[in-house]
Amino acid sequence: MKKSDVKRIVQANIEGIQKKLGLSSWNILVDYGPAMLDGDDTHYSGMCNTDPSLYESALVTLDHKQFETAAEVLHTLEHELCHAIGSNFDVCQAVLKRLLSKRDYEAMDVLFHIAHERVVGSIQSILKSAEAQK
Ligand SMILES: [Zn+2]
């Protein structure tokens with residue numbers, strides 16, 4: 001999709017999604033472009049970075065080239081905002097990075113990411129079921 005189309009979809013829906021997720025007070029910045037992790041060549045459709053030192057603040061990156069439909073944009077935006085709900089885990093991760101050896105931290109980091117994705121997937125399933133019951 002064109003960046004301008006993705007941006008329009010985000011601007012029309014982000015406030016409602018934030019409200020639904022209890023994130024209305026959050027300062028969410030959305031950037032458009034490649035969504036990649038350091039040391040990983042995978043191109044993700046979206047990413048969410050929260051800074052443990054900045055309370056209720058997140059940067060969502062959406063790669064507009066990865067989307068073909070508005071539904072995909074909205075699903076990914078919701079997914080990335082669900083990661084903001086779990087941002088307290090980022091605080092734990094930052095602390096553990098200082099306490100653990102590099103090897104132990106890297107092992108914990110893999111578990112952290114798997115757990116976080118599963119929690120986000122569960123939240124989205126709950127939301128989908130709740131919306132289907134309306
Ligand atoms: Zn995710």
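In strand E3, alanine 58 is the bridge partner of threonine 50, and leucine 59 is the bridge partner of asparagine 49. The model that shows these pairings is predicted; local features require a pLDDT of at least 70, side-chain atom pairs count only at pLDDT 80 or more, and totals for chains, interfaces and linings use all residues. Residue numbers start from 1 along each chain as its sequence is written. Helices (H or I, at least four residues) and strands (E, at least two) are DSSP runs, numbered from the N terminus.

Strands E2 and E3 pair in the antiparallel sense over five bridges, where two strands are taken to pair if DSSP finds at least two bridges between them. E1 and E3, by contrast, run parallel and are joined by six bridges. Strands of a sheet pair through backbone hydrogen bonds, in either the parallel or the antiparallel sense.

E2 has a covered face formed by Gly46, Cys48 and Thr50, and an uncovered one formed by Met47 and Asn49. In E3 the covered face comprises Ala58, Val60 and Leu62, whereas Ser57, Leu59 and Thr61 make up the uncovered one.

Helix H2 has 16 residues and reaches 23 Å from its first C-alpha to its last, close to the 22 Å expected at 1.5 Å a residue; the expected span is 1.5 Å times one less than the number of residues. Its buried residues are Val73, Thr76, Leu77, Glu78, Glu80, Leu81, Cys82, His83 and Ala84. A residue is termed buried if 20 or more other C-beta atoms lie within 10 Å of its own, exposed if 12 or fewer do, and partly exposed in between, with C-beta atoms placed from the backbone. The buried residues of H2 pack against helix H1 (3–20), strand E2 (46–50), strand E3 (57–62) and H4.

Helices H2 (residues 70–85) and H4 (residues 102–132) pack at an angle of about 115°, with their axes 9 Å apart. On the H2 side the contact is made by Glu78, His79, Cys82, His83 and Ile85, and on the H4 side by His116, Val120, Ile123 and Gln124. By class, this contact has four nonpolar, four polar and one charged residues, where Ala, Val, Leu, Ile, Met, Phe, Trp, Tyr, Cys and Pro count as nonpolar, Asp, Glu, Lys and Arg as charged, and the others, Gly among them, as polar.

H4 has 31 residues and reaches 45 Å from its first C-alpha to its last, close to the 45 Å expected. H4 is hardly covered, with a count of one buried residue among its 31 residues. Alanine 132 lies in this helix and counts as exposed because it has 7 C-beta neighbours inside 10 Å. Alanine 132 and aspartate 41 are 91 residues apart in sequence and 36 Å apart in space, C-alpha to C-alpha. Helix H3 (residues 88–99) is likewise described as hardly covered, the count of buried residues among its 12 residues being zero. H3 reaches 17 Å from its first C-alpha to its last, close to the 16 Å expected.

Glutamate 68 is placed in the loop between E3 and H2. This residue counts as exposed because it has 9 C-beta neighbours inside 10 Å. Between glutamate 68 and serine 24 the separation is 44 residues in sequence and 28 Å in space, C-alpha to C-alpha.

Terms used: Axes fitted to C-alpha atoms, helices over the stretch in contact; angles between N-to-C directions. Contact = placed C-beta atoms within 7 Å.
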